[in-house]
Amino acid sequence: MKQKKLLLLGLVWAVVAAIFAVGVRGDAAEEVQRLAELMGWKAGTVAADIGAGDGKYTFAAVERVGAAGRVYATEIDAKKVAELRGEVVKRRLANVIVVESKEADTNLPAGCCDAVFLRRVYHHLTKPVEFDAGLVRSLKPGGRLAIIDFPPRAGLEPVEGVPSNRGGHGIPQKMVIEELRAAGLQVEKIVNDWPEDSYCVLFVKR
C-alpha cells in the first residue's frame, strides 16, 4: 500500500513538472511573439539573442523567423556556449549560430542583424560603452535593438563589476536610453507593461 502511494505521488509530481515545463515554454513563446510583432520580424529576419543562457528564447525566436531566417545566440559563459551548441545539434537547427561573446563585445559580425534583443541582460554589462558599440555595429541600417530589463529592486544582490551608477540590481530605464542614444541609436518605442514587471525600450539604427 505504501509503495502504491509513493508511486501515485511520483506520477502526480511528474504531471506537475510537465505542466510547468509547458508553461515556461509557452511564456517564452508568447513573449517572443510580442517582441517579434514589436520589432517587425518576418520570414527571413536575422535576429540575435544576446546572453542567450539556456536558449529558451533563442529557440522560440527561430520558430518566428522560419527556415529562411537566422538567429544568433551569444553567451559569455563557456559551459553555456557548449550546452547551447549541443542543443542546436540535437534539434538539427542549421539556422541557429552560437557565438561566444566577451565582456566588452558581442563578437557578432558587422551588419549581420535586422533585430537584436537583450532580455534581462543589459544590467549585467560590466563594460556597457564598449558593448553598446558592438551592438550598434552588428545592426544593419534600419535594424532594431530591444532592451528588456527592470529598474533596480530592493533585496537583490548588486551585480559584481557593473558601473556604480546602476543604483543596485537592475537598471533605470532612463539610463538605458541615455547610454544607447550616446552609442548612436534612436528610441522608437517604450513599452512599460512587459511581463515580470519589466520594461522594453525599442531602438532603431538610422
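Two strands pair if DSSP finds at least two bridges between them. The views below show a predicted model.

**View 1. Strands β5 and β7 form an antiparallel pair.** β5 covers residues 139-149 and β7 covers residues 198-204. Six bridges join the two strands.

**View 2. Seven strands build an open sheet with mixed pairing.** The strand order is β3-β2-β1-β4-β5-β7-β6. β3 (96-100) and β6 (186-194) are the edge strands, each with a single partner, so one side of each has no neighbour in the sheet. From one strand to the next, the twist averages 15°.

**View 3. Helix α2 packs on the sheet.** α2 touches β1, β2, β3 and β4 (113-119). The direction of α2 makes about 165° with that of β2.

**View 4. Helix α5 lies across β5, β6 and β7.** α5 spans residues 173-182. The helix runs at about 15° to β7.

**View 5. The largest pocket has a volume of about 660 Å³.** Its lining draws two or more residues from each of α1 (2-39), β1 (46-50), α2 (56-65) and β2 (70-75). The lining comprises 26 residues. Gly51, Ala52, Gly53, Glu75 and Val121 lie nearest the pocket centre.

**View 6. Residues 4-26 have pLDDT under 50.** For this stretch the model has two contacts beyond four places in sequence. Over the chain, the mean pLDDT is 89. A pLDDT of 70 or more is reached by 87% of the residues.

Notes:
Residues numbered from 1 in each chain as written. Predicted model: local features only at pLDDT ≥ 70, side-chain atom pairs only at ≥ 80, totals over all residues. Heavy atoms only, no water. pLDDT = per-residue confidence, 0-100. Contact = heavy atoms within 4.5 Å. 1 Å grid on protein atoms, 1.4 Å probe; cavity = no way out; pocket = protein on both sides within 12 Å on 5 of 7 lines; lining within 4 Å. Points joined across faces, edges and corners; volume = space filled by probe spheres on them. Helix = DSSP H or I, 4+ residues; strand = E, 2+ residues; numbered from the N terminus. Axes fitted to C-alpha atoms, helices over the stretch in contact; angles between N-to-C directions.
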